[in-house]
Amino acid sequence: MINTQIETAARLAIRDNPKKRVLPLSVEGKTYYIKRLISNGRNKLVKQGAHAAYLTEVYKIMEVNERLPLAPHIVLLTDDFFVMEACGKPLQRIVKEHDSTAEEAYYQAGVALSSLHQLGLHHGRPALRDISWDAEKHRITFLDWESEKTFFHVDARTLDLFLFIHSYFREGWDTTVYLDQAMAGYQTVAGSDERLADVLHFIDQHTLIFHICRSASSFGWIDVVSVSKAEDYLRTLIKNNSAS
Ligand SMILES: Nc1ncnc2c1ncn2[C@@H]1O[C@H](COP(=O)(O)OP(=O)(O)O)[C@@H](O)[C@H]1O
Ligand SMILES: [Mg+2]
């Protein structure tokens, strides 16, 4: 019954916002998000890519939620869009809006990422904007599961950890207190030592790339500068861990 209502409301929202891929939806006072399979349809390859990304995301969300409720709850699934429950605010906004639960949010995000990794699962690109915090339920949800990159021969969980730290530095904040919380949380879960050792190994195996990023840092490109900052942060963290 409720699904029919959500479906009708979703189809209306899509009709009114034909170009938007992700849009919020309110039904009976509850907020949801619609995510659509969109492609321009002109280029067959682009169309296939969008289709693959859509199916990857739906599959990963379901696979993760079977084990741990860390992905959004899908309430309606169709061939070209799905509707999920709203899961709070992205981690990025929590800092910008000086949310009083920010430190706890980052700590719990670290615990959640590490728990996912301990089960042998990964997100693909856990950027701050795609990690949601529900301050009322004290709950972390990872959004946007469509990314599945295999550029490097590295454990996907190791790349997750690196990309999470990289995404923090991309914000350009002058403090690492929230990242420190996230890493404290990450390290509460068994197996995190192995992940940290592996991320250092990953950096050491790709010294050329990391060296190029450092040399190019003077241009000030935020993505590149953040690679070196993430590397420095990880090296210091691991050094401090082994000293204590
Ligand atoms: N279930 C949700 N709950 C809360 N916010 C959401 C939800 N789904 C999407 N959003 C918001 O919409 C943004 C875009 O959604 P996302 O799935 O990341 O799409 P895109 O692939 O376009 O980045 C997210 O970064 C988040 O701010
Ligand atoms: Mg996103």
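Guide: Ser39 is partly exposed, because 18 other C-beta atoms lie within 10 Å of its own; a residue counts as buried with 20 or more such atoms, as exposed with 12 or fewer and as partly exposed in between, with C-beta atoms placed from the backbone. This is a predicted model, in which local features need pLDDT of at least 70 and side-chain atom pairs count only at pLDDT 80 or more, while totals for chains, interfaces and linings use all residues. Residues are numbered from 1 along each chain as its sequence is written, and chains are lettered from A and ligands numbered from 1 in the order in which they are written.

Ser39 sits in the loop that links β2 (30-36) with α2 (44-67). Helices (H or I, at least four residues) and strands (E, at least two) are DSSP runs, numbered from the N terminus. Ala50 lies 11 residues from Ser39 in sequence, and their C-alpha atoms are 6.2 Å apart in space.

Now for the wider setting. The protein chain has 9 helices and 7 strands. Its C-alpha trace spans about 60 × 45 × 35 Å along the principal axes, and 32% of the 244 residues are buried.

Elsewhere, an open sheet of 3 strands runs in the order β5-β6-β7 with antiparallel pairing; two strands pair if DSSP finds at least two bridges between them. β5 (89-90) and β7 (139-142) each have a single partner strand, so one side of each is left without a neighbour in the sheet. Strand β6 (residues 131-134) is joined to β7 by 4 bridges, and Asp134 has Arg139 in β7 as its bridge partner.
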